[in-house]
Amino acid sequence: MDTWGRYFFVVFNLAVAISGIISIAFCLWSRGTSALRELIEHDGEVTRTIQIFFAMGLICALLGGIQSYVGMPKTVKFYKCLIFVWIVLIVTASSLFAVSFFNENGLEHRSRHIWNTSLDANTRLNIQLRFNCCGYFDCSEWTQFKKQEIFQVKLQTTKIQQVHCDGKMFEEIHKFTKEFMFVLGFLLFFMLLQFIISATIYFSTNSRVVPTTSALL
């Protein structure tokens, strides 16, 4: 491959590494500072999805970074292994994409159960303050918090809209799902390109390595 081709190989692998880093950052944000962090923490399905996505981002970041640093290997076996890795990642990413698309309603349903069974009073109060809402289906929960002395410091100057939290949380769940699918689609796009490039290099290298019948004669 000529010099420009090698430059493209390095730059493209840097882009793959960056897409992996963006995916890792999204996973850390979703568990650390996103508006739905408490729900994600207590939702097993979403937690597993985020963990798998984190692993995929880490693999892409490592593979892209190593290849951009080392350059273009000339061994056919390397590209054969690389093609296998990209196929596994692409299938996994496609599965996550499909699951996320169809699982949005499931997360909305599970959020109700998590609110009632997994969140303590202080966490529920923080969510109500964050979304400016009162209770999940009933504002009486907010009224009960106001009567408790332990929460008086938080509630001294707080005014809450008389809006139930279910609608606010459903809006945030829909927004989070769209953001997740966008970042996942971004990573999947680069994985597909990486697979195509690796397969192209593999077949072009393999055709030069394997002698033809005319050459043997």
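This is a predicted model: local features need pLDDT of at least 70, side-chain atom pairs count only at pLDDT 80 or more; totals for chains, interfaces and linings use all residues.

User: Fine. How many helices and strands does the chain have?

Analyst: The chain has 9 helices and 0 strands. Along the sequence the pattern reads α-α-α-α-α-α-α-α-α.

User: What share of the residues counts as buried?

Analyst: Of the 217 residues, 42% count as buried. The chain exposes about 12600 Å², and carbon and sulfur atoms supply 65% of that area.

User: And of the contacts between residues at least 6 apart in sequence, what share joins residues at least 24 apart?

Analyst: That share is 81%.

User: Now the core. Which residues touch the most other members of the largest nonpolar core?

Analyst: Phe-53, Met-56, Met-169 and Met-191 do, in a core of 47 residues. Helices α1 (3-32), α2 (37-42), α3 (44-70), α4 (76-117), α5 (121-131) and α8 (165-209) each supply at least two residues of this core. The largest share, 16 residues, comes from α8.

User: What does Met-191 touch, leaving out residues up to four places away in sequence?

Analyst: With those left out, Met-191 touches Met-56, Cys-60, Trp-86, Leu-89, Ile-90 and Ala-93.

User: Switching to Ile-114. Where is its place, and is Ile-114 buried or exposed?

Analyst: Ile-114 sits in helix α4. Its relative accessibility is 4%, and because the limit for buried is under 20%, Ile-114 counts as buried.

User: Which residues does Ile-114 touch, not counting those up to four places away in sequence?

Analyst: Ile-114 touches Leu-39, His-42, Asp-43 and Leu-119 on that count. Glu-41 is 73 residues from Ile-114 in sequence, and the C-alpha atoms of the two are 9.9 Å apart.

User: Salt bridges next. How many does a search of the whole structure find?

Analyst: The search finds 4 salt bridges. As background, side chains of opposite charge can pair when their charged atoms come close.

User: Which residue forms a salt bridge with Arg-37?

Analyst: Arg-37 forms a salt bridge with Glu-38, where the closest N and O atoms are 3.9 Å apart. The cut-off is within 4 Å, so the pair counts. Arg-37 is partly exposed, with a relative accessible area of 25%, whereas Glu-38 counts as buried at 12% relative accessibility.

User: And what about Glu-38 and Arg-130, how do their side chains meet?

Analyst: The side chains of Glu-38 and Arg-130 meet in a salt bridge at 2.7 Å, N to O. Glu-38 lies in helix α2 and Arg-130 in helix α5, so the pair ties together parts that are 92 residues apart in sequence. Arg-130 is partly exposed, with a relative accessible area of 29%.

User: Which helices hold Glu-45 and Arg-110?

Analyst: Their side chains meet in a salt bridge too, at 3.6 Å, N to O. The pair links distant parts of the chain, with Glu-45 in helix α3 and Arg-110 in helix α4, 65 residues apart. Glu-45 is partly exposed at a relative accessible area of 37%, while Arg-110 is buried at 18%.

User: Which residues do salt bridges with shared partners join into one network?

Analyst: Arg-37, Glu-38 and Arg-130 are joined that way.

User: Last topic, aromatics. How many aromatic pairs does the count come to?

Analyst: The count comes to 11 aromatic pairs. In one of them, the rings of Phe-26 and Phe-53 have centres 6.4 Å apart and planes at 70°, so the pair is edge-to-face. Phe-26 is in helix α1 and Phe-53 in helix α3, 27 residues apart, and the pair links distant parts of the chain. Phe-26 counts as buried at 8% relative accessibility, and Phe-53 counts as buried at 0%.

User: Why is the pair of Phe-186 and Phe-190 edge-to-face?

Analyst: The ring planes are at 75°, with centres 5.1 Å apart, so the pair is edge-to-face. Both residues lie in helix α8, 4 residues apart, about one turn of the helix. Phe-186 is partly exposed, with a relative accessible area of 32%, whereas Phe-190 is buried at 13%.

User: Which residues form the aromatic cluster with those two?

Analyst: Phe-8, Phe-12 and Phe-189 form one aromatic cluster with Phe-186 and Phe-190.

Methods: Residues are numbered from 1 along each chain as its sequence is written. Side-chain values use heavy atoms; hydrogens and water are left out. Buried means under 20% relative accessible area, exposed over 50%, partly exposed in between (1.4 Å probe, protein chains only). Contact means heavy atoms within 4.5 Å. Accessible areas come from the Shrake-Rupley method with a 1.4 Å probe; for residues, only the protein chains shown count as cover. A nonpolar core is a set of buried Ala, Val, Leu, Ile, Met, Phe, Trp, Tyr and Cys residues joined through side-chain atoms within 4.5 Å. Rings of Phe, Tyr and Trp (its six-membered ring) pair if their centres lie within 6.5 Å; planes under 30 degrees apart count as stacked, over 60 as edge-to-face and the rest as tilted.
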